[in-house]
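Had a look through this one for you.

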Amino acid sequence: MEDKSDSGVKASLLGSGGRSRRLSRRNSYNTLVYDFVSRLPPKVRAGLDPESPEVIDCSRASGLSEGEKDYYEKQFATLKSFEEVDTVVAAESIDAENEENLAEQAQHERAMKISNYANIILLALKIYATVKSGSIAIAASTLDSLLDLMAGGILWFTHLAMKNVNIYHYPIGKLRVQPVGIIIFAAVMATLGFQVLIQAVEQLITADPTESLTSDQLAWLYGIMLFATVVKLALWLYCRTSGNKIVRAYAEDHYFDVVTNVVGLVAAVLADKYYWWIDPTGAIILALYTIINWSKTVMENAVSLVGQSAPPEFLQMLTYVVIRHPQVKRVDTVRAYTFGVLYFVEVDIELPEELPLKEAHAIGESLQINLEKIPEVERAFVHLDFECDHKPEHNILVKLPSSQP
């Protein structure tokens, strides 16, 4: 079948040649580690931990080039992922996992609510600071806070849409709503950047400086902007460790706000004390930073919707799970690709030709369940066959849209 190279990258750990002799051994993790370590060159073994042979410290191994160190570190990291996936696949307690997911979801919702409430309060304070100072850099930061509320509403709606699913209208759920919501969020933020950029360039061209600030205005400006910076910094620290992509989008926005607040405050104060053009220049810097930063976010999430292949390390882990499944003679294809936040997985396996349909179905279904236990996998599709020498079942070029009108 197509894409047999997917499983070829595992040769160093899962054996070479692809013969069923190695697959039928059903190597345990410990056996696999022992087999792999026994074939290491002496200079690499010098870096192994005597008590934990699956752990390597390449700094203790002499004579290794940087490329060799990187290679062996990746190999041992792959071994570690095999151990982790064994634990996941062997887990039987679905209820405990669901309880943990509910607790994690509650934490994510709490982070989003705190962020939205903070954005409302900070927007009111920044509007006052903008009116008092007349600074375009502070105005850029205030406009950013306004769009924070709009974007926060988009992300919150996205989160609610993912939770409320009608299986008749959306048979596979709404996980794809998450990257779509983040793309809209990022597009709004990039639009802000263009808006501020145009306004700042106009002020530079017309040479229209703002009025100098009084000591009272400066005091308010310092107080509001520093308070906003501290709040956003605390929210960034709180949200950035989340495993939820929507909460991490909030974290990116909080970090961006810290940058805009600091740059905006510095530009406004320096422009008031020294040269007026520092204020619009600071606004231009913020605008360019906004455009570049959120354009990258758009591209990252757009890629997740177009079926990009999983990295080789993840394919190795999937192949390990498939290889060790009972009755599998050979692995034809292992494929994983993005379809939103998580991966869709396709595996083609060869079973004994004489195996009854009932047993073959049970093997395929249990393999599907094991693959879907992996947190990064949304859905797994297992294709059963009695040989691996036929042509590919699917041709991706067949469905390409015609260029004819």
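**Notes on a buried glutamate and its partners**

1. Glu350 is buried, at a relative accessible area of 5%. Bear in mind that this is a predicted model. The residue belongs to strand S2, which covers residues 343-350.

2. What does the side chain of Glu350 pair with in a salt bridge at 2.7 Å, N to O? That's the side chain of Arg330. The pair links distant parts of the chain, with Glu350 in strand S2 and Arg330 in strand S1, 20 residues apart. Arg330 is partly exposed, with a relative accessible area of 27%.

3. Glu350 also forms a salt bridge with Lys329, where the closest N and O atoms are 3.5 Å apart. Lys329 sits in the loop between helix H13 (312-323) and strand S1 (330-338), so its pairing with Glu350 in strand S2 ties together parts 21 residues apart in sequence. Lys329 is partly exposed at 36%.

4. The salt-bridge count comes to four. One of them joins Asp70 and Lys74, with closest N and O atoms 3.5 Å apart. Both residues lie in helix H6 (residues 66-90), four residues apart, about one turn of the helix. Asp70 is partly exposed at 38%, and Lys74 is partly exposed at 44%.

5. An unreviewed UniProt entry places "transmembrane region" at residues 114-131, 179-198 and 218-238. In the model, residues 179-198 are 100% helix, with end C-alpha atoms 29 Å apart. Residues 218-238 are 100% helix, with end C-alpha atoms 30 Å apart.

Conventions:
Residues numbered from 1 in each chain as written. Predicted model: local features only at pLDDT ≥ 70, side-chain atom pairs only at ≥ 80, totals over all residues. Heavy atoms only, no water. Helix = DSSP H or I, 4+ residues; strand = E, 2+ residues; numbered from the N terminus. UniProt positions renumbered as here; feature names shortened; annotations may be inferred. Buried < 20%, exposed > 50% of the residue type's maximum accessible area, 1.4 Å probe, protein only.
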